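Thanks for making time this morning; I would like to walk through one structure with you, strand by strand and ring by ring. Please have the sequence and the coordinates open while I talk.

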Amino acid sequence: MKKLIYTFLIITFTVLLGLFIWEKETEDPITRGEIHALLEQGETQIDLTTITDLEWTEVRAFGPYSTDEIIEESMGVKFLSIGGIDVMETNFLLVFAKNKKVVKTVSISRNYGDYYIKDDKFLIVDKVNN
């Protein structure tokens, strides 16, 4: 019985660790840091092509409570988050895609405003709602 319990715990831990690592691999902490630094300086329009070395053809900003299904339908990609934007009201999620595949995601704080993407290139900060 103990052997069965240990086996179950090891499998559960491995699956959870795998899901956690997969999600973290899609996050881009460098781009997030650069965006937040520019936001701290008061920038309201950020050229995403100059602050990331990612290869992407499409980027979208998703607000609080956006579900995986909303992201998938909007971008035509397969998207799986783990406890992400669909349950948070404090962050926006930038999703970068190439050839209908998610390349990276960047979570950015709403402390600076709400966000939208212009011309698949610029992150625009909307401070009206804050």
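Strand 6 is mostly covered, with four of its five residues buried, where buried means under 20% relative accessible area, exposed means over 50%, and partly exposed is anything in between, computed with a 1.4 Å probe on protein chains only. Before I go further, please keep in mind that this is a predicted model, in which local features need a pLDDT of at least 70 and side-chain atom pairs count only at pLDDT 80 or more, while totals for chains, interfaces and linings use all residues. Residues are numbered from 1 along each chain as its sequence is written, and side-chain values use heavy atoms, with hydrogens and water left out. When I say helix or strand, I mean DSSP runs numbered from the N terminus, helices being H or I with at least four residues and strands being E with at least two.

Three strands form an open sheet in the order 1-6-5, and the pairing is antiparallel; two strands count as paired if DSSP finds at least two bridges between them. Strand 1 (45-47) and strand 5 (114-118) stand at the edges with a single partner strand each, so one side of each is left without a neighbour in the sheet. From one strand to the next, the twist averages 25°.

On one side, three bridges join strand 1 to strand 6 (residues 122-126), and there Asp-47 stands opposite Phe-122, while Ile-46 has Leu-123 as its bridge partner.

Now to helix 4 (residues 68-75), where Asp-68, Ile-71, Glu-72 and Met-75 are buried. Seen down the axis of helix 4, these buried residues fall within an arc of 95°, so they line one face of the helix, the arc being that of the directions from the helix axis to the C-beta atoms. They pack against strand 2 (58-62) and strand 3 (91-98), contact meaning heavy atoms within 4.5 Å. Just after helix 4, Gly-76 takes a positive phi of about 70°.

How many aromatic pairs does a search of the whole structure find? The search finds two, where rings of Phe, Tyr and Trp (its six-membered ring) pair if their centres lie within 6.5 Å, and planes under 30 degrees apart count as stacked, over 60 as edge-to-face and the rest as tilted. Trp-56 and Phe-96 are edge-to-face, at 5.1 Å centre to centre with 70° between the planes, and they link distant parts of the chain, 40 residues apart, with Trp-56 in the loop between helix 3 (48-51) and strand 2, and Phe-96 in strand 3. Both of these residues are buried. Phe-92 and Tyr-115 are likewise edge-to-face, at 5.3 Å and 75°, joining strand 3 to strand 5 across 23 residues, and both are buried.

Finally, a word on confidence. The protein averages a pLDDT of 83, and 79% of the residues score at least 70, pLDDT being the predictor's confidence in each residue, from 0 to 100. Confidence is lowest in helix 1 (residues 2-26), at a mean of 60, and highest in strand 1, at 96. Over residues 20-24 the pLDDT is below 50, and beyond near neighbours in sequence this stretch has five contacts in the model. Where pLDDT is low, the predicted coordinates should not be read in detail.

Definitions and conventions
Axes fitted to C-alpha atoms, helices over the stretch in contact; angles between N-to-C directions.
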